Amino acid sequence: MSDVKKIATREGYGKALVELGALHPEIVVLDADLAGATKTSMFRDAYPDRFIECGIAEANMMDVAAGLSTLGFVPFASSFAMFAAGRAYDMVRNSIGYPGLNVKVCASHGGISVGEDGASHQMNEDFALMRVIPGMTVMCPSDFVEAQKMVKAAYELNGPVYIRFGRAATPIIHDEDFDFRIGQAEMLQDGTDVTLIATGIVVPEAMEAAKSLAEEGISARVLNMATIKPLDEEAVIKAAQETGHIVTVEEHSIIGGLGEAVASVAEEAPARLHRIGVRDVFGHSGPAAVLLHEFGLDAEGIAKETRRFLEKQK
């Protein structure tokens with residue numbers, strides 16, 4: 001996909017914030033000393049009076065966001081996923097989730113593609129942490145365009161939302177007129193032998209894997225599951241019934257993330273399920289592309305694992 005335009009999903013977040021800010025004066029943005037990296041600096045430069053720099057105090061930031069939401073503001077609180085979902089979990093759960101406040105927790109630098117920052121910053125557990133909070137909507141965009149649409153949809157939704165964005169530039173697979181809907185899976189390609197259900201920046205890799213499988217006579221359906229919670233159960237059951245085999249792909253631990261969310265639904269239909277993701281280990285430092293390959297999350301790895309899974313079913 002070297003000829004495909006690539007932009008990081010976090011760039012889409014920053015762009016969407018600026019566009020929303022022009023229309024909705026009640027939007028405020030909070031950051032924890034990472035505005036340049038999370039791209040909230042775009043909003044800061046456009047609307048400095050509605051930007052709050054909280055410093056390296058992520059837990060306090062979540063409490064500030066919670067308080068602002070009770071005054072009629074719509075806060076977007078941003079940091080790296082390791083800090084927004086990990087360090088500040090207590091406050092996200094008790095100050096935002098428990099009272100069901102209208103706060104958008106937007107976390108960049110999720111997954112092992114954080115790369116050279118290493119295991120301490122490679123957050124592979126955030127989907128699990130956020131999924132388990134009652135009432136929390138959990139999403140992860142596949143590209144720059146979907147990121148923008150997702151942020152705008154999150155604003156329209158009244159309630160707590162968690163969105164994970166990526167650090168690395170990734171292929172754009174959507175047109176500008178793409179219609180994003182929270183809780184609705186997107187079929188990128190139909191197939192009859194197996195369904196690849198992916199989320200986030202590995203969606204383009206799943207699409208490439210499907211092309212590789214097609215060359216071997218394997219027909220793969222590809223679903224972009226951008227909303228991890230609430231999951232599009234109808235799409236999962238339909239895929240299970242029509243293809244009989246499901247492979248989930250996520251830049252996250254196979255424990256507690258997309259794979260387990262799909263498994264909880266797929267058990268209602270006669271289908272075999274296999275999860276591709278980080279397998280109960282920590283990551284380590286290295287270039288993003290190298291790490292994705294090492295953990296089997298690039299197109300080559302996804303095709304190889306899907307092929308192995310299908311062989312076992314014969």
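The structure is a predicted model, in which local features need pLDDT of at least 70 and side-chain atom pairs count only at pLDDT 80 or more, whereas totals for chains, interfaces and linings use all residues. Residues are numbered from 1 along each chain as its sequence is written, and side-chain values use heavy atoms, with hydrogens and water left out.

Strand β13 spans residues 245–253; helices (H or I, at least four residues) and strands (E, at least two) are DSSP runs, numbered from the N terminus. Of the 9 residues in β13, 9 are buried, where buried means under 20% relative accessible area, exposed over 50%, and partly exposed in between (1.4 Å probe, protein chains only). Strands are taken to pair if DSSP finds at least two bridges between them. β13 pairs in the parallel sense with β10 (residues 194–198) over 4 bridges, and Thr195 stands opposite Ile246 of β13. A parallel pairing over 6 bridges also links β13 to β14 (residues 272–278), in which Arg275 is the bridge partner of Thr248.

Most residues other than glycine have a negative phi, and most peptide bonds are trans. The peptide bond from Lys229 to Pro230, however, is cis, with omega near 0°; Pro230 lies in the loop between β12 (227–229) and α10 (233–243). Asp33, in the loop between β2 (27–31) and α2 (35–38), has a positive phi of about 65° and is partly exposed at 45% relative accessibility. Lys39 likewise has a positive phi, near 75°, and is located in the loop between α2 and α3 (41–46). With a relative accessible area of 17%, Lys39 is buried.
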